[in-house]
Amino acid sequence: MKPKIIATLGNMLGWTTIADSAKWIGSMGRRVSPFHRRNGREETFDAAVRRVGADAQSLTANRRNFAVVATVHGLATVAACGFSVSAFLNGGNGLAWLGFAAVNGAFAFTFAFRHWQIRTQRLGSVAEFLRDASRFRSGR
């Protein structure tokens, strides 16, 4: 009788679902943990171009598109920040505008990074991209 009661209570509470979810979350946590070293792809820019089947014309078109889209998202970020500041100064809540600005800022960064990779024709890191961007901005 006792095992039947325990099984019924476990089913009512969804214990198996909870346990499976906990195992899945634990597995996901181990995969995204910053404390585990990961080895990324070791390939050159030319190897990546061959892997995706791109040619010089498509690279030029993509580079131009990434530059335009990065600019549009950058402008949207600036505008959303302006609307957010305006809302805060007028006593309103500009958090939605800040969220919109954050998303557009992330998109602007992503597309600018992709544009830089095609322009320099290397699969550099984000640190290299930021270093090059700071040199470009400072005029060095």
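Buried means under 20% relative accessible area, exposed over 50%, and partly exposed in between, with a 1.4 Å probe and protein chains only. The structure is a predicted model, in which local features need pLDDT of at least 70 and side-chain atom pairs count only at pLDDT 80 or more, while totals for chains, interfaces and linings use all residues. Residues are numbered from 1 along each chain as its sequence is written, and side-chain values use heavy atoms, with hydrogens and water left out.

Helices (H or I, at least four residues) and strands (E, at least two) are DSSP runs numbered from the N terminus. A nonpolar core is a set of buried Ala, Val, Leu, Ile, Met, Phe, Trp, Tyr and Cys residues joined through side-chain atoms within 4.5 Å. The largest such core holds seven residues: Phe-45, Val-49, Leu-59, Phe-66, Ala-70, Phe-111 and Ile-118. Helices H3 (45–52), H4 (56–89) and H5 (95–120) each supply at least two of its residues. H4 gives the most to this core, with three residues. Phe-111 is one of the core residues. Contacts (heavy atoms within 4.5 Å) join Phe-111 to Phe-66, Val-69, Ala-70 and His-73, with neighbours within four places in sequence set aside.

Aromatic pairs were examined next. A pair of aromatic rings is described by the distance of the centres and the angle of the planes. Rings of Phe, Tyr and Trp (its six-membered ring) pair if their centres lie within 6.5 Å; planes under 30 degrees apart count as stacked, over 60 as edge-to-face, and the rest as tilted. Seven aromatic pairs are found in a search of the whole structure. Phe-109 and Phe-129 form an edge-to-face pair, 5.4 Å centre to centre and with 75° between the planes. This pair links distant parts of the chain, 20 residues apart, with Phe-109 in helix H5 and Phe-129 in helix H6 (residues 126–138). Phe-109 counts as partly exposed because its relative accessibility is 34%. Phe-129 counts as buried, at 10% relative accessibility. The rings of Phe-113 and Trp-116 have centres 5.8 Å apart and planes at 25°, so this pair is stacked. Both residues, Phe-113 and Trp-116, lie in helix H5, three residues apart, about one turn of the helix. Phe-113 is buried at 16% relative accessibility. Trp-116 is also buried, with a relative accessible area of 2%. Ring pairs link Phe-109, Phe-113, Trp-116 and Phe-129 into a cluster.

Pockets were located on a 1 Å grid over the protein atoms alone. On that grid, a pocket is an open set of points where a 1.4 Å probe fits, with protein on both sides within 12 Å along at least five of seven lines; lining residues have an atom within 4 Å of a point. Grid points are joined across faces, edges and corners, and a volume is the space filled by probe spheres set on the points. The second largest pocket holds about 260 Å³ of space. Its lining has 14 residues, of which Phe-45, Ala-48, Gln-117, Ile-118 and Leu-123 lie nearest the centre. H3, H4 and H5 each supply at least two residues of this lining, and H3 gives the most, with five. Nine lining residues are nonpolar, two polar and three charged. In this count, Ala, Val, Leu, Ile, Met, Phe, Trp, Tyr, Cys and Pro are nonpolar, Asp, Glu, Lys and Arg are charged, and the others, Gly among them, are polar.

Ser-84 lies in helix H4 and is buried, with a relative accessible area of 1%. Beyond residues up to four places away in sequence, Ser-84 touches Gly-94, Trp-97 and Leu-98. Ser-58 is found in helix H4 and counts as partly exposed, at 24% relative accessibility. Ser-58 and Ala-48 are 10 residues apart in sequence and 14 Å apart in space, C-alpha to C-alpha.

Leu-13 is found in helix H1 (residues 2–13) and is exposed, with a relative accessible area of 64%. The C-alpha atoms of Leu-13 and Val-52 are separated by 49 Å. Ala-22 is found in helix H2 (residues 15–32) and is partly exposed, at 48%.

Backbone geometry picks out Gln-121. Most residues other than glycine have a negative phi. Gln-121, which is not a glycine, has a positive phi of about 55°. Gln-121 is placed in the loop between H5 and H6.
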